[in-house]
Amino acid sequence: MRSLLIPALAVFFATAGLSTPAFAKAWGVDPERSSISFSGTHAGNNFEGVFEDWTANIEFDPAAPESAVVLVTIDTASAKTGNALYDGTLGGADWFNVQTYPQARFEATGAEPQGDGTYKLAGTLTVRGTSVPVSVMFSANDSEAKADSTVVLQRLDFGMGAESDPSGTWVSLEIPVTVELVAKPSGI
Amino acid sequence: MQDVQERYTSVAIALHWLIAASIILQLASGLWMADAINEPATQALAFEVYQWHKSLGLTVLILSLLRLLWRLTHRVPGLPDGMKPWEIMAAKATHVLFYVIMIVMPLTGWVIVSASAFGLPTLYWGLFTWPHLPITGLASETKAVIENIFGEVHALLGYGTIGLLALHVGAALKHHFIARDAVLARMLPFLKRAA
């Protein structure tokens, strides 16, 4: 998360000349004010975790929201709850399966204006090779874009824990994922 | 009679009682948690007890291997005179079976944990990750079969341990209160000598 800006910029510059429409602006994420976290329960106890490593490539122009392109890439092995027992299990074959699926992705093109400077970003979340439609709300003006959106995911949609805990006896089937993101247009 | 008065060394006495206390805690926690894990009210506590049971079981394994090493490198105090041949046999068999159980029981637990679909790590007393046995890569159906079989063996050995413990404690008390010899006293940490 510390090094979000540089990869985001690098990808932008690498691709800017190829396919990016002339009016799209690249936005850089403020890592200090941005996080992707998740929560749930295990055996009745609450747990919370964060993804420590992820990058976001954002192209967005408030004047042409339909041209927005967002790609968030999450390093699944960086999921940390602070509980060694959970952290030792999360990467395993029945959960994130980090060996086979080292990354999760959120991809979206085109933001829908909702009025008052808010937008809906309808995209696709891919975890363990399975894609699910996910929508995130954000607000933006010319100098700052902000998202603070919680999406409740069904872990079984992605086959997570399907073998060891398919009925939610241990780990809640619903896993709320919260995206807090602050981005500024690159170059400002 | 010289041999009978001889005490176990302090290393043997310390290992004996550390392992004894651990085995009793393992039997109590094992009997409780196997059912408690399925009750919503006790599930969270039972989960913690499982983690703790794994660390204590591996501790028994380590201590028992040390005890076996001690046993193979030391002459143990002899049995008192006047024991009947079947009593001598029973005493020796009980002790051999204890060594077998103290080592095989934790190993079967280790197999169960390694074969478990949960894939939970064993955090040895929270200090470091104790490795799984190299069976984690097997097909999940195979692992389920292994977990089931070893789960049954682990439970049966648990009940066997209770029987063995009853024999062992009963015999020690008989030596002390009926035969009035030094067999129990020579394994007690704070007693110098039987009266």
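**Two chains in a predicted model**

Biologist: How many helices and strands does chain A have?

Modeller: Helices (H or I, at least four residues) and strands (E, at least two) are DSSP runs, numbered from the N terminus. This is a predicted model, in which local features need pLDDT of at least 70 and side-chain atom pairs count only at pLDDT 80 or more, while totals for chains, interfaces and linings use all residues. Residues are numbered from 1 along each chain as its sequence is written, and chains are lettered from A and ligands numbered from 1 in the order in which they are written. Chain A has 2 helices and 11 strands.

Biologist: What percentage of the residues in chain A is buried?

Modeller: A residue is buried if 20 or more other C-beta atoms lie within 10 Å of its own, exposed if 12 or fewer, and partly exposed in between, with C-beta atoms placed from the backbone. Chain A has 188 residues, and the buried part of them is 29%.

Biologist: Which helix of chain B gives the most to the side that touches chain A?

Modeller: Two residues are in contact if their C-beta atoms, placed from the backbone, lie within 7 Å. By this rule, 12 residues of chain B are in contact with 12 residues of chain A. The most, 4 residues, comes from chain B's helix H3 (residues 43–73).

Biologist: Within chain B, how are H2(B) and H5(B) set to each other?

Modeller: Axes are lines fitted to C-alpha atoms, for helices over the stretch in contact, and angles run from 0 to 180 degrees between N-to-C directions. Helix H2 (residues 10–36) of chain B packs against helix H5 (residues 140–178) of chain B at about 130 degrees, with axes 11 Å apart. Angles under 35 degrees count as roughly parallel, over 145 as roughly antiparallel, 65 to 115 as roughly perpendicular and the rest as oblique. H2(B) and H5(B) are therefore oblique.

Biologist: Which residues of H5(B) make the contact with H2(B)?

Modeller: From H2(B), the contact is made by B:Ile23, B:Leu27 and B:Gly30. Their partners on H5(B) are B:Gly158, B:Thr161 and B:Ile162.
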